[in-house]
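Visitor: I am new to reading protein models, and I would like to be taken through this one step by step. Could we begin with the overall layout and then turn to single features?

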Amino acid sequence: MKKTILLVLVVATIAGCKNEVRYTQNAPEIETYKKAIKDYEMGNWESLATHFADTAKIVYNTTEKNAMSLAQAISQNKEDIATLSSYNYIAEESEYEMVVTDNGETWVNFWGLWQGRLKANNQLYEIPVHLTAQFIDGKIVKEFGYWDNSSIALALEKLKEVASPESIADEIKE
């Protein structure tokens with residue numbers, strides 16, 4: 001009888017344990033984030049927007065109190081890439097992981113190496129990037145991004161010093 005009770009308790013304990021995945025590198029949210037990154041690389045802004053909730057908050061190199069809407073983030077991305085002849089992430093340098101926090105929040109982290117070539121000087125720039133996105137019901141509700149683009153900013157500033165305002169404006173329009 002004692003063995004039966006012990007066996008029932010062991011089985012109940014095992015059955016009661018949750019087999020919850022808290023960390024993975026294979027998840028539907030990761031696949032969604034890969035699609036969002038690819039849409040960014042292709043400049044496919046309408047498709048990019050489908051991966052985000054309508055109320056998503058986007059925070060790039062700032063604090064959450066200064067978050068942008070998705071429309072503002074897309075507009076900023078378009079403005080930023082207007083000075084580039086090409087840009088992309090290096091596939092071999094990209095890493096993704098998904099974590100579920102102690103509070104049950106689902107986040108996908110991305111580390112990548114971004115490359116972009118300025119139209120004005122044909123110089124190639126490489127910038128390490130970290131992005132992290134919170135998902136709810138398969139949609140991105142928050143995205144934080146961190147990178148140092150000071151090398152490009154300095155190059156554009158130097159180009160402004162040696163070029164006329166008209167030629168810089170023309171370069172940005174192209």
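This is a predicted model: local features need pLDDT of at least 70, side-chain atom pairs count only at pLDDT 80 or more; totals for chains, interfaces and linings use all residues.

Visitor: What share of the residues counts as buried?

Guide: A residue is called buried when its relative accessible area is under 20%, and exposed when that area is over 50%. Of the 174 residues in this chain, 38% count as buried. The accessible surface of the chain comes to about 11,200 Å², and 54% of that surface belongs to carbon and sulfur atoms.

Visitor: Which residues of α2 are buried?

Guide: The buried residues of α2 are Glu29, Ile30, Thr32, Tyr33, Ala36, Ile37, Asp39, Tyr40 and Glu41. By contrast, Glu31 is partly exposed, with a relative accessible area of 39%, and Lys34 is also partly exposed, at 35%.

Visitor: With which residues is Glu29 in contact, leaving aside its neighbours within four places in sequence?

Guide: Glu29, which is found in helix α2, is in contact with Met98, Thr106, Val108 and Phe135 once those neighbours are set aside. For the chain as a whole, among contacts between residues at least 6 apart in sequence, 56% join residues at least 24 apart.

Visitor: How do I read a pair of aromatic rings?

Guide: One looks at the distance between the ring centres and at the angle between the ring planes, where planes over 60 degrees apart count as edge-to-face. The structure holds eight aromatic pairs. One of them is formed by Tyr33 and Phe135, which are edge-to-face, with 6.2 Å from centre to centre and 85° between the planes. Because Tyr33 lies in helix α2 and Phe135 in strand β6 (residues 124–136), this pair ties together parts that are 102 residues apart in sequence. Both Tyr33 and Phe135 are buried.

For Tyr40 and Tyr89, the ring centres are 6.1 Å apart and the planes are at 50°, so that pair is tilted. Tyr40 lies in helix α2 and Tyr89 in strand β3 (residues 84–89), so the pair ties together parts that are 49 residues apart in sequence. Tyr40 and Tyr89 are buried as well, and they belong to one aromatic cluster together with Trp45, Tyr87, Tyr96 and Phe110.

Visitor: How many salt bridges does a search of the whole structure find?

Guide: Side chains of opposite charge can pair when their charged atoms come close. The search finds four salt bridges in this structure. One of them joins Asp102 and Arg22, whose closest N and O atoms are 2.3 Å apart. Asp102 lies in the loop between β4 (95–100) and β5 (106–118), and Arg22 in the loop between α1 (2–16) and β1 (23–24), so the pair ties together parts that are 80 residues apart in sequence. Asp102 counts as exposed because its relative accessibility is 70%, whereas Arg22 is partly exposed, at 38%.

Visitor: Where do Glu31 and Lys34 lie?

Guide: Glu31 and Lys34 both lie in helix α2, three residues apart, about one turn of the helix, and their side chains meet in a salt bridge at 3.7 Å, N to O. A further salt bridge is that of Glu64 and Lys142, at 3.0 Å, N to O. That pair links distant parts of the chain, with Glu64 in the loop between β2 (52–60) and α4 (70–81) and Lys142 in strand β7 (residues 139–147), 78 residues apart.

Key:
Residues are numbered from 1 along each chain as its sequence is written. Side-chain values use heavy atoms; hydrogens and water are left out. Buried means under 20% relative accessible area, exposed over 50%, partly exposed in between (1.4 Å probe, protein chains only). Helices (H or I, at least four residues) and strands (E, at least two) are DSSP runs, numbered from the N terminus. Contact means heavy atoms within 4.5 Å. Accessible areas come from the Shrake-Rupley method with a 1.4 Å probe; for residues, only the protein chains shown count as cover. Rings of Phe, Tyr and Trp (its six-membered ring) pair if their centres lie within 6.5 Å; planes under 30 degrees apart count as stacked, over 60 as edge-to-face and the rest as tilted.
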